[in-house]
Amino acid sequence: IDKIDVIVAQRRDNLRYLNEMLDMGWYKDIEKEHSSPHCFPIFAETPVQRDLKLMELEDKGIEARKLMACIPNKEQCPAYAEHEGIFPNAERFGSLGYYVPVHHLLSDEQLQYMAHALA
């Protein structure tokens, strides 16, 4: 608890760095947020491109995960197929999104390596 302000500030700095390096335009007013960012979201053009990028990042030793993988879809739960289309935005995020971490233990070199791998 004593270090929370330092940890949150570092996470925000890491998020800001990736945002600038990747020219994404996310988090323009991060200072107004009342939470600690845990990841940097990215969206692929297609689910196949997302999955290929996730494999590429894994090969490069970069942790990355599907964004909102908990959203049910046909791929994860065939029984959900009959409900497809009820939450189109969530389904889109779930099928195209992935993220990389911005935790406070990342070094400048690791952030730079990640940014180049994502570009």
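Helices are DSSP runs of H or I with at least four residues, and they are numbered from the N terminus. Helix α1 in this predicted model spans residues 4–22, and R12 lies within it. R12 has a relative accessibility of 13% and therefore counts as buried, since buried means under 20%. In sequence, R12 and H103 are 91 residues apart. In space, their C-alpha atoms are 8.9 Å apart.

The overall plan comes next. The protein has four helices and three strands. From the N terminus on, these elements follow the order α-β-α-β-α-β-α. Of the 119 residues in the protein, 33% are buried. The protein exposes about 8,000 Å². Carbon and sulfur atoms supply 55% of that area. Contacts between residues at least 6 apart in sequence were also examined. Among these contacts, 67% join residues at least 24 apart.

The three strands form an open sheet. Their order in the sheet is β1-β3-β2, and the pairing is antiparallel. The edge strands are β1 and β2, each of which pairs on one side only. Helix α2 packs on this sheet and touches β2 and β3. The direction of α2 makes about 20° with that of β3. Helix α3 lies across β1 and β3. The angle between α3 and β3 is about 60°.

Strand β1 covers residues 39–43. Four of its five residues are buried, so β1 is largely enclosed by the rest of the structure. Five bridges join β1 to β3, and the two strands run antiparallel. F40 has V100 of β3 as its bridge partner. I42 stands opposite Y98 in β3. F43 stands opposite G97 in β3.

The bridge partner of K66 in β3 is Y98.

Strand β3 is mostly covered, with five of its five residues buried. Its residues point in two directions. G97, Y99 and P101 point one way from β3. Y98 and V100 point the other way. Residues in both groups are buried.

The helices can be described one at a time. Helix α1 has 19 residues. From its first C-alpha to its last, α1 reaches 27 Å, close to the 27 Å expected at 1.5 Å a residue. The buried residues of α1 are V8, R11, R12, N14, L15, L18, N19 and L22. Seen down the axis of α1, these buried residues fall within an arc of 155°, so they line one face of the helix. The spacing of such residues has a simple background. An α-helix has 3.6 residues a turn, so residues three or four places apart point the same way. The face of α1 turned away from the buried side carries the exposed residues D5, V6 and E20. The cover over the buried residues of α1 includes β1, β3 and α4. Just after α1, D23 takes a positive phi of about 50°.

Helix α2 covers residues 47–59 and has 13 residues. The distance from its first C-alpha to its last is 18 Å, close to the 18 Å expected at 1.5 Å a residue. The buried residues of α2 are R50, K53, L54 and L57. Seen down the axis of α2, they fall within an arc of 105°, so they line one face of the helix. These buried residues pack against β2 (65–66), α3 (88–96), β3 (97–101) and α4 (108–118). The face of α2 turned away from its buried side carries V48 and D59, which are exposed. G61 follows α2 and has a positive phi, near 80°.

Conventions
Residues are numbered from 1 along each chain as its sequence is written. This is a predicted model: local features need pLDDT of at least 70, side-chain atom pairs count only at pLDDT 80 or more; totals for chains, interfaces and linings use all residues. Side-chain values use heavy atoms; hydrogens and water are left out. The expected span of a helix is 1.5 Å times one less than its number of residues. Buried means under 20% relative accessible area, exposed over 50%, partly exposed in between (1.4 Å probe, protein chains only). The arc is that of the directions from the helix axis to the C-beta atoms. Contact means heavy atoms within 4.5 Å. Two strands pair if DSSP finds at least two bridges between them. Accessible areas come from the Shrake-Rupley method with a 1.4 Å probe; for residues, only the protein chains shown count as cover. Axes are lines fitted to C-alpha atoms, for helices over the stretch in contact, and angles run from 0 to 180 degrees between N-to-C directions.
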